[in-house]
There are 4 protein chains.
Amino acid sequence: MTTPVVPTGYGYGRVFPTRWNDNDVYGHVNNTIHYAAMDTTITSWLIEVAGLQTGGEHALAVVVSSGCTYRESVSFPDTLVIGLRAGRIGSTSVTWELGIYRESDGLLVATGQFVHVFIGPESRRPVLIPHAVREAIEHDLVVAA
Amino acid sequence: MTTPVVPTGYGYGRVFPTRWNDNDVYGHVNNTIHYAAMDTTITSWLIEVAGLQTGGEHALAVVVSSGCTYRESVSFPDTLVIGLRAGRIGSTSVTWELGIYRESDGLLVATGQFVHVFIGPESRRPVLIPHAVREAIEHDLVVAA
Amino acid sequence: MTTPVVPTGYGYGRVFPTRWNDNDVYGHVNNTIHYAAMDTTITSWLIEVAGLQTGGEHALAVVVSSGCTYRESVSFPDTLVIGLRAGRIGSTSVTWELGIYRESDGLLVATGQFVHVFIGPESRRPVLIPHAVREAIEHDLVVAA
Amino acid sequence: MTTPVVPTGYGYGRVFPTRWNDNDVYGHVNNTIHYAAMDTTITSWLIEVAGLQTGGEHALAVVVSSGCTYRESVSFPDTLVIGLRAGRIGSTSVTWELGIYRESDGLLVATGQFVHVFIGPESRRPVLIPHAVREAIEHDLVVAA
C-alpha cells in the first residue's frame, strides 16, 4: 500500500525524493535531512498554497523551535511523503505537526514539529499571523484528532 | 511545454525537485546543487537500472572529474529534470553527459559531465567496467548525436 | 569576548565554521544546519575522543530523537562553537545536551538535544552502552548543573 | 608536514573542516562537497578581503562554469585547506583556480576552477569587474606560474 500524497490525518502533503548524498556512512538517510524535508514542506505550503509574500514590508516566518522523533531508517532511492497539519495556533505563532512516510509502502518513518513566529521585517518583533495565512491554515490544515 | 521525463537527446531521465534550503542568499538554487542532481541521477541509473552491486567484492565507481556550465538560474519550488547519456566509453571508465532542465517549461538550465573510473575494492586500481553495466550503457545510454 | 573552545557549562567543544551555502534566502544560516553542527559534534566526540568503533560487530549509535530551540540568527561567514555535555544516561541510551554559540562574541545562538540508543549491528535491538564510551561520558561530559 | 593556511602557489587560503554528513555511503567526503568548499572560499575572499558589496545597486558575481579533478579521497573528520588564485582575468569575468589539500599532511586532494561573470543587478547583463575587486585580485591573487 503506497502512501497517499496527503497522508491520512494531515491536511497537506508533499513528495520528497531522497538524494544519493542524503545517505550517510551507515547507508541511511542522515537525521538532518528529515528537517530539510519538513522545512521544505512547510515553506512550500506557505508560498504555493497560502500565498505568503516574502520580502519588502511583509511579515517573516521565523523558526523558533523544531524537533523530530525517528522510528525507522530509510535509504536512497526511497521517496518520502511528508504530511502537514496545524497544531496550536496562537496570535503570532503556529505549531506545525508533520508525519514522514515512505512512499512505497506507507511506513511511518518519523514525526516532527516546528514552531514559526511571524515577525515584522523592520521591528523584528512578533506580529499577528497575516490574515490570509491564518485563513488558509484554518481552512486546510486543522484536522480533527 | 513541459520537459519529458527523458529529455530529448538523452537515454535516461530523473525528476529532481528542489528543496527550500537549496536556494542561497540570491534566491537561486546554489551552484553545488546541480552536482547533487547529476550525481543522484547517475547513481540512480547505476543502481536501479544497471543493477550495479555495491559492497563486498564488487567494483566501485569513483568520480575522477566533474564539471558544469550554467545557463539559467532556477529557484525553489522549481522541479528539475535531469537527462543522462554516455559520452566516451573506455575499458575502465565512462564519461557521462547530462542536461539539466526546468520541468515546468523545458528551459535548459545547465549541462555537465562526470567521469567515473571503476576500481577494485581491495586493489583500488582500475578494473574493466562490469559486463552488465557496460551492456546497459550501450543499450540505454548511447544516443546518436 | 570570544567563546572558549569548550563553552562554560559543557565538557567538550568543537569549532564549526559556516559555509556560504548554509545561508538561505533570508541571509541567515538555515535551521537544518544547526542539526548538522550538533550531529558532527557528537559524532566527532564519539569517534575521536571516546574511541567508538564503527563497522563489524560493534554497537551502533542510532538517533531516536532530536530538537533545537533557536534564539538568535547567524550568517556566513560567522563561525560557531558547539558545546556538548551529557544529560540523562540510561543503560542503553544517552541524552546529549548542546549549546551553539557565535565564536566572535559569545552570543548564545541555540540550544538542542539528541538522544542516541546503542543497538546491536545484527539484532538491531538495544544493547548496553559500550563500556569505554560510558566511562568517557562519565569522565568528560557530566557537568554539574 | 601540515598544509600552510595559504598553500604554496596560491594567494589566499581558507580552512574547511569536514562535517559528519559530508561522508557518503563509501565513507568518503562526497564529490559535491568539494564545490561547497571552493564556492565558500571564493565568496569568503570576495566579501571579507575584497569588500564585495551585495544587494542594492551592486554588481553580482554569477557562476557560469565550474569543474573539479579528484586525486585522493578524504573522510570526516579530516580538515581541508583550500588555496585560491586568479587565472584568466577578463574585463567582466574571472577564472579562479583552486587547490584542495588535507590539512594534516599536505596531501593534494583535488584541483578545480570556477568562472564568475559580474552582472548588473537590474540589467542582468555583464558589467566591468568592480574596480576595488579587480585591484584586490591583482594585488593578492595573481601568482607567478
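Reader: Through which surface do the copies, chain A and chain B, meet?

Author: In this predicted model, 100% of the interface residues of chain A are also interface residues in chain B, so the copies meet through the same surface.

Reader: How many residues of each chain are in contact there?

Author: The contact joins 12 residues of chain A with 12 residues of chain B. On the side of chain A that touches chain B, helix H1 (residues 33-49) of chain A gives the most, with seven residues. By class, that side of chain A holds five nonpolar, four polar and three charged residues.

Reader: What rotation superposes chain A on chain B?

Author: A rotation of 180°, with 0.0 Å of shift along its axis, superposes chain A on chain B at an RMSD of 0.0 Å. That is the relation of a two-fold axis.

Reader: Which residue of chain A comes closest to the rotation axis?

Author: Pro17(A) does, with its C-alpha at 3.8 Å from the axis.

Reader: Turning to chain C, how many residues does the contact take from chain A and from chain C?

Author: It takes 15 residues from chain A and 15 residues from chain C. On the side of chain A that touches chain C, the elements giving two or more residues are H1 and strand S2 (60-70) of chain A. The largest share of that side, nine residues, comes from S2(A).

Reader: And by class, how do the residues on that side of chain A divide?

Author: The side of chain A that touches chain C divides into eight nonpolar, six polar and one charged.

Reader: How many bridges join S2(A) to strand S2 of chain C?

Author: Five bridges join S2(A) to strand S2 (residues 60-70) of chain C, and the two strands run antiparallel. Within S2(C), Thr69(C) stands opposite Ser65(A), and Gly67(C) stands opposite Gly67(A).

Reader: Within chain C, what joins S2(C) to strand S5?

Author: There are 10 bridges between S2(C) and strand S5 (residues 108-119) of chain C, again with an antiparallel run. Cys68(C) stands opposite Gly112(C), which belongs to S5(C).

Reader: Now chains B and D. In what order do the 10 strands form the open sheet?

Author: The order is S1(B)-S3(B)-S4(B)-S5(B)-S2(B)-S2(D)-S5(D)-S4(D)-S3(D)-S1(D), with antiparallel pairing. At the edges are strand S1 (12-17) of chain B and strand S1 (12-17) of chain D, each pairing on one side only. From one strand to the next, the twist averages 25°.

Reader: Which strand is joined to S3 of chain B by eight bridges?

Author: Strand S4 (residues 93-102) of chain B is joined by eight bridges to strand S3 (residues 79-89) of chain B, and they run antiparallel. Gly83(B) stands opposite Gly99(B) in S4(B).

Reader: Where does helix H1 of chain B lie?

Author: Helix H1 (residues 33-49) of chain B lies across S1, strand S2 (60-70), S3, S4 and strand S5 (108-119) of chain B. H1(B) runs at about 65° to S3(B).

Reader: What is the angle of H1(D) to S3(D)?

Author: H1(D) runs at about 65° to S3(D), and lies across S1, S2, S3, S4 and S5 of chain D.

Reader: How far does H1 of chain D reach from its first C-alpha to its last?

Author: Helix H1 (residues 33-49) of chain D has 17 residues and reaches 23 Å, close to the 24 Å expected at 1.5 Å a residue. Just after H1(D), Gly51(D) takes a positive phi of about 70°.

Reader: Why is H1(D) largely enclosed by the rest of the structure?

Author: Of the 17 residues of H1(D), 14 are buried, so the helix is largely enclosed.

How values were computed
Residues are numbered from 1 along each chain as its sequence is written. Chains are lettered from A and ligands numbered from 1 in the order in which they are written. This is a predicted model: local features need pLDDT of at least 70, side-chain atom pairs count only at pLDDT 80 or more; totals for chains, interfaces and linings use all residues. Helices (H or I, at least four residues) and strands (E, at least two) are DSSP runs, numbered from the N terminus. The expected span of a helix is 1.5 Å times one less than its number of residues. A residue is buried if 20 or more other C-beta atoms lie within 10 Å of its own, exposed if 12 or fewer, and partly exposed in between; C-beta atoms are placed from the backbone. Two residues are in contact if their C-beta atoms, placed from the backbone, lie within 7 Å. Ala, Val, Leu, Ile, Met, Phe, Trp, Tyr, Cys and Pro count as nonpolar, Asp, Glu, Lys and Arg as charged, and the others, Gly among them, as polar. Two strands pair if DSSP finds at least two bridges between them. Axes are lines fitted to C-alpha atoms, for helices over the stretch in contact, and angles run from 0 to 180 degrees between N-to-C directions. Copies are superposed by least squares on the C-alpha atoms of residues with pLDDT of at least 70 in both.
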